Amino acid sequence: EADVLEVPARLPTGETSRGATTWALKALRVLKFDPVKVAAGKFAEFWDSRIMPKPGLFRFDKGFDKPSADIKQLKKEKAPILLFIHGTFSSAAGGFGGFHPEVWKAIQQEYGERIFGYDHRTLSLSPVENAVDLVRRLPVGAKLHLVTHSRGGLIGELLCRGGRKDRKTPFDADDLSLVADNPVVAKALTDLSDLLAAKKITVERFVRVACPARGTALAGKKLDRWLEVIINVIGKLLPPGAA
């Protein structure tokens, strides 16, 4: 079927892969997950649940190692909030937790208790779906200062569309036509347009680091390379010698 991807026991990845694909499949089966029999969508959901078991919006005013409970609906702040949005295979703590203590001190002095991170699933959900979930959690009239890395920059770009000055809806017919072949994303983009228009969210500052604005190999058809990325993730999830 069109939405099913079958992975054989071995992939003809060539000499450059150094057998990484075979090891990846072996490690997956150690976790009792057989990619040969599971659709690509389930494969992504499985890894998302391992990498990001508890997605949500969190306050990090005491450091990235001390998040608050998941914030379902953030109360309106008078001043702008600082919001960190991570990239693929990462988290707010993983993507931004390495700040030098002096940098973190300066951030705290500027933003106080208004420091947040959005932990989201990056394999089974599109950036548009992530943005919809995030905007639903934000209050009406929220003012944002964004710091994003990699794929997180795509979410930031979507949030910026709420600030259109031409009085058009955040996403118009031309935008929707670009995703017409993907009903899930098309609906999410329509929902996001309505939410941004209703909540009047403003992005005042936007730091975008290494954003794949022109595309990424992870979204392409280079399955062998994609699995080589997966094996690196597996190495962090499994105890030594488990594979």
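Student: Where is the place of Asp61 in this structure?

Tutor: In this predicted model, Asp61 lies in the loop that runs between β1 (56-59) and β2 (81-85).

Student: Is Asp61 buried or exposed?

Tutor: Relative accessible area is the value to read, and under 20% counts as buried. Asp61 has 12%, so it is buried.

Student: Which residues is Asp61 in contact with, leaving aside neighbours within four places in sequence?

Tutor: Those are Trp104, Gln108, Gly112, Glu113 and Ile115.

Student: Let's turn to a helix. How many residues of α5 are buried?

Tutor: Eight of the eleven residues in α5 (residues 127-137) are buried, which leaves this helix mostly covered. Among them are Pro127, Asn130 and Leu134.

Student: How are α5 and α8 oriented to each other?

Tutor: Look at the angle between the axes: under 35 degrees counts as roughly parallel. Here the axes cross at roughly 30° and come within 9 Å, so α5 and α8 are roughly parallel to each other. Their crossing is left-handed.

Student: Which residues make that contact?

Tutor: On α5 they include Val128, Ala131, Val132 and Val135, and on α8 they include Val185, Ala188, Leu192 and Leu195. By type, the residues of the α5 contact with α8 divide into eleven nonpolar, five charged and no polar.

Conventions. Residues numbered from 1 in each chain as written. Predicted model: local features only at pLDDT ≥ 70, side-chain atom pairs only at ≥ 80, totals over all residues. Heavy atoms only, no water. Helix = DSSP H or I, 4+ residues; strand = E, 2+ residues; numbered from the N terminus. Buried < 20%, exposed > 50% of the residue type's maximum accessible area, 1.4 Å probe, protein only. Contact = heavy atoms within 4.5 Å. Axes fitted to C-alpha atoms, helices over the stretch in contact; angles between N-to-C directions. Parallel < 35°, antiparallel > 145°, perpendicular 65-115°, else oblique. Left-handed = near helix turned anticlockwise from the far one by under 90°. Nonpolar A, V, L, I, M, F, W, Y, C, P; charged D, E, K, R; others polar.
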